[in-house]
Amino acid sequence: MALVLGLIVSLVYMMSSENKNYSRDFAMTLVFLPGIVAIVIMLIGSSTARALSMAGAFALVRFRSAPGTAKDIAIVFFVMSVGLAAGLGFITFAIIITLIISVVIVVGVFLGLILTKAGLFDTESDMDFMFNDGLLEVKYGDKWGYINNK
């Protein structure tokens with residue numbers, strides 16, 4: 001079931017990607033990750049010793065690629081939570097969460113398209129952030145602003 005829910009999330013992710021600009025490898029990872037998380041949760045069970053050993057093993061493994069966009073990171077947390085729910089036996093909860101969050105993503109994409117076509121939402125303007133000596137510099141379009149972080 002976790003793999004089926006991962007497939008649904010992956011399809012929603014691919015559909016919601018701007019200009020269909022997404023990594024096929026990342027989309028495939030979204031399919032397998034809930035199943036892997038579910039298997040790990042089933043293997044750990046209620047054993048604290050197994051949980052600590054798995055945490056140690058996973059601490060040795062880290063992603064070797066640059067972090068993705070905020071949307072990519074949110075999707076990874078989404079599929080991991082689906083896998084956790086499935087692994088703990090909360091299949092109905094996993095299905096409901098998958099459906100609700102997928103609908104929210106799809107509605108958000110279509111709402112963004114409608115607002116963009118109506119001229120109420122500008123997708124061309126980019127927001128950029130950078131920390132510099134304890135200050136958060138925010139760039140929106142051509143303008144820079146500072147937020148004191150101290």
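User: How many residues does the largest nonpolar core have, and which of them have the most contacts inside it?

Analyst: In soluble globular proteins, nonpolar side chains tend to be buried together. A nonpolar core is here a set of buried Ala, Val, Leu, Ile, Met, Phe, Trp, Tyr and Cys residues joined through side-chain atoms within 4.5 Å. Buried means under 20% relative accessible area, exposed over 50%, and partly exposed in between (1.4 Å probe, protein chains only). This is a predicted model, in which local features need pLDDT of at least 70 and side-chain atom pairs count only at pLDDT 80 or more, while totals for chains, interfaces and linings use all residues. Residues are numbered from 1 along each chain as its sequence is written, and side-chain values use heavy atoms, with hydrogens and water left out. The largest core has 13 residues, and those with the most contacts inside it are V9, L30, I75, F78, V79, V82 and A94.

User: Which elements give two or more residues to this core?

Analyst: Elements are DSSP runs numbered from the N terminus: helices are H or I runs of at least four residues, and strands are E runs of at least two. Those giving two or more residues to the core are α1, α2 and α4 (70-87). Helix α4 gives the most, with 5 residues.

User: What is I75 in contact with, apart from its neighbours in sequence?

Analyst: Contact means heavy atoms within 4.5 Å. With neighbours within four places left aside, I75 is in contact with V9, Y13, L30 and I105.

User: How does one test the length of a helix, and what span should α4 have?

Analyst: The expected span is 1.5 Å times one less than the number of residues. For the 18 residues of α4 this gives 26 Å, and its end C-alpha atoms are 26 Å apart, which agrees. The buried residues of this helix are D72, I75, F78, V79, V82, G83, A85, A86 and G87. Just after α4, G89 takes a positive phi of about 95 degrees.

User: Where does the kink in α2 lie?

Analyst: The bend at a residue is the angle between axes fitted to the seven residues ending there and the seven starting there. In α2, a kink of about 35 degrees lies at F32, shortly before the proline P34. The helix comprises residues 24-44; its 21 residues should span 30 Å, and its end C-alpha atoms are 31 Å apart, which agrees.

User: What marks the two ends of α2?

Analyst: A polar contact is a pair of N or O atoms within 3.5 Å; within protein, one must be able to donate a hydrogen and the other to accept it, and residues adjacent in sequence count only if both atoms are side-chain atoms. At the start of α2, a side-chain oxygen of S23 reaches to within 3.3 Å of the backbone nitrogen of D25. After the helix comes G45, with a positive phi near 60 degrees.

User: Which residues of α2 are buried?

Analyst: They are A27, L30, V31, L33, P34, G35, V37, A38, V40, I41 and I44. L33 falls under the cut-off because its relative accessible area is 19%. Beyond four places in sequence, L33 is in contact with V76, V79 and M80.

User: Where is S17 found, and what does it touch?

Analyst: S17 is in the loop between α1 (2-16) and α2. This serine is buried, with a relative accessible area of 6%. S17 touches Y22 and K71, not counting residues up to four places away in sequence.

User: How many helices and strands does the chain have?

Analyst: The chain has 5 helices and 3 strands, in the pattern α-α-α-α-α-β-β-β along the sequence. Buried residues make up 24% of its 150 residues.
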